[in-house]
Amino acid sequence: MSLQTAGARFRLALQEEKPLQIVGTTNANHALLAKRAGFKAIYLSGGGVAAGSLGIPDLGISTLDDVLTDVRRITDVCDLPLLVDADTGFGPSAFNINRTVKSLAKSGAAGMHIEDQIGAKRCGHRPNKEVVSRAEMVDRIKAAVDARSDDSFFIMARTDALAIEGIDAAMDRASAYLEAGADAIFPEAITELEMYKKFSNRVNAPILANITEFGLTPLFSREELGSNGVAMVLYPLSAFRAMNKAAEKTFAAIRREGSQSSIIGEMQTREELYESIDYYKYERALDNFTNKGE
């Protein structure tokens, strides 16, 4: 397994940082900022693609191509391993899941998670979710595992069964998903810290905690989660929410005051932006190219 692959880099990060913090980046610029902040892995949320790139709800409306567009933009400029939300696999059959896995890997993703909701999925922290049978989800996992040409590509199984069938059934599902070849388990909408401990004691695989704001899961600390068996802590839309609030406040101020003067101190400066996207390196290359042509 070459450490040059994105999947291998993700697995190495999982070994080196316990628990591994994975921060959501809805665009390439945020991926670069996450790297500058010291994160070892990043994430592309399906909800982020839907709301951020398309301006629509995360209700199974966005397509694989929508996701791949954002994946490629991120992996083209940032070498941090990228975990991608693959929803239910973007299609009803093994052929669709096969295409999803191959396309994500080809686009530079390190891994993906696939869930056991029905095709018309809902946000994991909303009511009235529905899950497919355990057997159908097992088939989804098997199709994903069979599709990867690189064994390091990370395949995570997400279960939304806790809110519907209870924790025992959710853990039974998790065990079945691991037997089908999943590398890790993502139990969605956990409501109590001790539930993570139960999952980690039951399954012999890394557990991911989705610490999303304003949902059903309390904002447990990294230390609390690590002491309860969690291997990965996901913050899927934290920067996205902050960015949206900042944009809302900025637009309101400019409209109200006719100037951005009152909020200039809250903005990223031109110099800070140039540093984050390595502007001066590109400019020097352009100058060199221009000079050589003289």
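The second largest pocket holds about 390 Å³ of space. Its lining has 23 residues, and C123, H125, T212, L237 and R241 are the closest to its centre. By type, the lining of this second pocket divides into 7 nonpolar, 8 polar and 8 charged residues. Ala, Val, Leu, Ile, Met, Phe, Trp, Tyr, Cys and Pro count as nonpolar, Asp, Glu, Lys and Arg as charged, and the others, Gly among them, as polar.

The model is predicted: local features need pLDDT of at least 70, side-chain atom pairs count only at pLDDT 80 or more, and totals for chains, interfaces and linings use all residues. Residues are numbered from 1 along each chain as its sequence is written, and side-chain values use heavy atoms, with hydrogens and water left out.

A pocket is an open set of points on a 1 Å grid over the protein atoms alone, where a 1.4 Å probe fits, with protein on both sides within 12 Å along at least five of seven lines; lining residues have an atom within 4 Å of a point. Grid points are joined across faces, edges and corners, and the volume is the space filled by probe spheres set on the points.

The largest pocket contains about 560 Å³ of space. It is lined by 20 residues, with H30, M243, A246, E266 and Q268 nearest its centre. β1 (20-24), α2 (28-37) and α11 (238-257) are the elements that give two or more residues to this lining. Helices (H or I, at least four residues) and strands (E, at least two) are DSSP runs, numbered from the N terminus. α11 gives the most, with 7 residues. The lining of the largest pocket divides into 12 nonpolar, 6 polar and 2 charged residues.

| Pocket | Volume | Lining residues |
|---|---|---|
| Largest | about 560 Å³ | 20 residues |

Helix α8 (residues 167-179) includes L178. L178 counts as buried because its relative accessibility is 19%. Contact means heavy atoms within 4.5 Å. Leaving aside neighbours within four places in sequence, L178 is in contact with D183, A184, I185, V203, N204 and A205.

D183 lies in the loop between α8 and β6. It counts as buried, at 18% relative accessibility. With neighbours within four places in sequence left aside, the contacts of D183 include R11, R148, F153 and L178. The side chains of D183 and R11 are joined by a polar contact of 3.1 Å. A polar contact is a pair of N or O atoms within 3.5 Å; within protein, one must be able to donate a hydrogen and the other to accept it, and residues adjacent in sequence count only if both atoms are side-chain atoms.

D79 sits in the loop between α4 (64-77) and β3 (82-85). At 45% relative accessibility, D79 counts as partly exposed, a class between buried at under 20% and exposed at over 50%. Not counting residues up to four places away in sequence, D79 touches R9 and K35. Its side chain makes a polar contact of 2.7 Å with the side chain of K35.

Key:
Buried means under 20% relative accessible area, exposed over 50%, partly exposed in between (1.4 Å probe, protein chains only).
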